[in-house]
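Student: I would like to go through the terms used for this structure. Please show it to me first.

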Amino acid sequence: MRKDLRLELRSGESTLALLALSMLVLVVLVFALGAARVRSVDAAAGALWVAMVFAGMLGANRALLAERDNGAIRGLLLSPLDPSTLYAAKLCAALIFMAVAEVGAVILMVLFFNLDFDASMARLAPILVLGAIGFSALATLLSAITGRTRGGDMLLPILAVPIFVPALIAGVKASAAALAGAPFESMGDWLKIMIAFDVLFVTAGYLLFEHVVGGE
Amino acid sequence: MNNPTIRNWLGFSTLALMLASLFMVFDYVPPDAEMGIAQLIFYYHVPLAWVAFASFGLVAIAGIFYLWLGDQLWDDLGYAAAETGMVFCTLMIIAGSIWAKPIWGTWWTWDSRLTMTFILWLMYGGYLMLRASADDTPQVARFGAVIGIVAAMDVPIVIVSVRLWRTIHPAVLVTKQGTHGLEDPRMVWTLLVSLTAFTLLWAWFLMLRFTQLRTRSRMSKLAGRIALATVAASDPK
Amino acid sequence: MPAPVVETRSLAKTYGPAVVLREVQLRLLAGAGAFIIGGNGAGKSTLLRILAGLEAPSDGQALVFGQDTRRLAARYRRRIGLMAHQSFLYPNLTARENLEFYAELYSLADPRACAHQWLGRVGLAEVADTRVRAFSRGMEQRLSVARAMLAEPALLLLDEPFASLDHDGAEIVAALIRGAVERGACVLATTHGIPEIDGVELAVFEISRGRLMQHAHKEEVRRGGRIRSLLGR
Amino acid sequence: MGAHFGYLFAAYSIIFVAIFLYVMFIWRRQAALDAELRTLEARMAALTERPAAGAPPRPDA
């Protein structure tokens, strides 16, 4: 059933727009923070996560749009596809979108914040992956809600960001530590929080998705 | 539950206890030795926090029951709880902020407790915005239930993460809100009375709003049936 | 006596004070072809959506294959084909990709061959690799019919299958409906005019003021002939 | 009475004003509900006043 993922991805017209957006966020932050702080890893980690949240939000809304245009979501609901499988597929699609945006954002971050490509990047990767899983799990569930309400595009960040806060805090802290060259052990607590968040929200999305996509 | 007599009794006893707690705060209880008179805000701040958290817990419980049983009753309860919880949570933040200003010299700090409360406030604000922006269909009721459950699930992680993020608890909070903070028995009594008063106030608000939402749900069902019967009555025979 | 494919019991649907459907008693057996006529907003589409399980009735019951449509398990859902006003197609995928995608969703044996076959049947083989976004309304309509019929459903619900189709398109769709009825599927479709399809005995219902009744001109319809109503529209 | 009486007074008045406002809000909701109920009753009455058209067939639940 993962085949639908492939097709869904092909329909996603502009991963480019996601990249452009994360770049813009980074540029804005560079100017907002001022040249003095641009070398700090804390600022870089913060900027990276801001870019990630924005890109993730946009990605979730876009993935939704593809289904909303001709009511294709109903076509999916009518099919023998199980809502949980649908959730898993949409989660994977969102994850891939976010991963692409993240790679772009990391490259830009290194350039803009004058960091070096070194071992710290390798330590950053699992943190970003954990963050992307958590955010995709949450955004996929919530976008199914906001996509079917009026003014839903506005509601998605309003609902998603507060819930995402614990993973965001943990992610920023762990990323800053990773960029500063700290070993993995020193961020154990943050990683545990992120893992807990991911496990909880992937499970919640998997179980609750059928309730949000059901008929009116 | 929807008995007007119970509701009125609840209303009256709430009023009486609120007045009693007001009297106790301003005339009976001795102010704290270190913090002075501003510490008296504590006697409303803590009950507000308790009812706010209880409401949000109730939102999640009602959400679970709604998804499980599908009875509109649970959605009405969840919505009423979210709304009253939001009222009390907002008041708690305001009262806490006014307390913080003279004591800590600032309206707001990103202390872990404050941060957590603020995040909760944002979450349930989102819940209410969703409900306000949509009609009351079973679908939106399910959305509300899901968000209520998800938000409640998030609370423990939020607590852990903000604790780790900001470990600096101002000492006043620890000593004065800890159990050993209330040396004088009059302090304990005042807190107990105001806790009861706010619990009753909460129950009263909840009951009023719940009853209203029940009535509205029943009425919209009835409106459909009346419309059906009206059309049927005008059928040519 | 075989169990009916579609059975509704005192079905009613209201949106607030607006009554859309009431006292709908519909029974359709396998191999039955039925058309529902009625003005705009008469509740035709609502009835189809309820039967497909996309909407819940306000009152009464809708049964499909003997199952309540509010909780249709996957194995019953896969036997229903719905073509609604919205095409359910992805505008950014080509016609072929759309059909292959849905064929995969229904776990058909050979999605590629199946998509190819259906593109031929609805006369879209030449534009198979064009994105649906670029399609005209009529082409999208044909593809939408193909999408609904892809998995050879036992219950085919078609909402305005002849809308925005030219003469050829209408002939194709009429032939597909006939084929579906002949292989024993139950077809329920809505139209504006009174439809006639060669070689198929059609029941015609009319929704008027929310009620579903046998259409008065059924006898006239029985006389059969060309798809006259489609041309007269 | 200490120097912070202003803060104390502000906190308690805000709480009581807000509680009062919420009661008003509930009150207004109740008025709206009552009005809605009256229109429903009127429609119900209009329905029963026409027995000539025969008892309205009730769609069973």
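Predicted model: local features only at pLDDT ≥ 70, side-chain atom pairs only at ≥ 80, totals over all residues.

Student: Why is C:Thr94 called buried?

Tutor: Buried means under 20% relative accessible area, exposed over 50%, partly exposed in between (1.4 Å probe, protein chains only). C:Thr94 has 11% relative accessibility, so C:Thr94 counts as buried.

Student: Which residues is C:Thr94 in contact with, leaving aside its neighbours within four places in sequence?

Tutor: Contact means heavy atoms within 4.5 Å. On that rule C:Thr94 touches C:Ala128, C:Asp129, C:Thr130, C:Arg131 and C:Val132. C:Thr94 itself sits in the loop between β7 (80–83) and α3 (95–105) of chain C. Helices (H or I, at least four residues) and strands (E, at least two) are DSSP runs, numbered from the N terminus.

Student: What makes B:Arg131 and B:Asp75 a salt bridge?

Tutor: A salt bridge is a side-chain nitrogen of Lys or Arg within 4 Å of a carboxyl oxygen of Asp or Glu. Here the closest N and O atoms are 2.8 Å apart, so the pair meets the rule. B:Arg131 is in helix α4 (residues 112–133) of chain B and B:Asp75 in helix α3 (residues 72–104) of chain B, 56 residues apart. B:Arg131 is buried at 3%, and B:Asp75 is buried at 6%.

Student: How do you know that C:Glu160 and C:Lys44 form a salt bridge?

Tutor: Their N to O distance is 3.9 Å, so the pair passes the cut-off. C:Glu160 lies in the loop between β8 (155–159) and α6 of chain C and C:Lys44 in helix α1 (residues 44–52) of chain C, so the bridge ties together parts 116 residues apart in sequence. C:Glu160 is buried at 11%. C:Lys44 is buried at 5%.

Student: C:Asp68 forms a salt bridge with C:Arg70. Is C:Arg70 buried, partly exposed or exposed?

Tutor: C:Arg70 has 42% relative accessibility, so C:Arg70 counts as partly exposed. C:Asp68 is at 11%, so C:Asp68 counts as buried. The closest N and O atoms of this pair are 3.2 Å apart.

Student: How many salt bridges cross the interface of chain A and chain B?

Tutor: The rule finds 0.

Student: What area do chain A and chain B bury between them?

Tutor: About 2,600 Å², 78% of it on carbon and sulfur atoms. Buried area is the accessible area (1.4 Å probe) that two parts lose on being put together, summed over both. In this interface, 31 residues of chain A are in contact with 27 residues of chain B.

Student: What makes C:Arg142 and C:Asp166 a salt bridge?

Tutor: Their closest N and O atoms are 3.7 Å apart, so this pair also meets the rule. The domain assignment of chain C gives domain 1 (1–79 + 153–233) and domain 2 (86–152); such bounds come from an automatic or database domain assignment. The count between the two domains is 1 salt bridge. Domain 1 and domain 2 of chain C bury about 1,300 Å² between them, 66% of it on carbon and sulfur atoms.

Terms used:
Residues numbered from 1 in each chain as written. Chains lettered and ligands numbered in written order. Heavy atoms only, no water.
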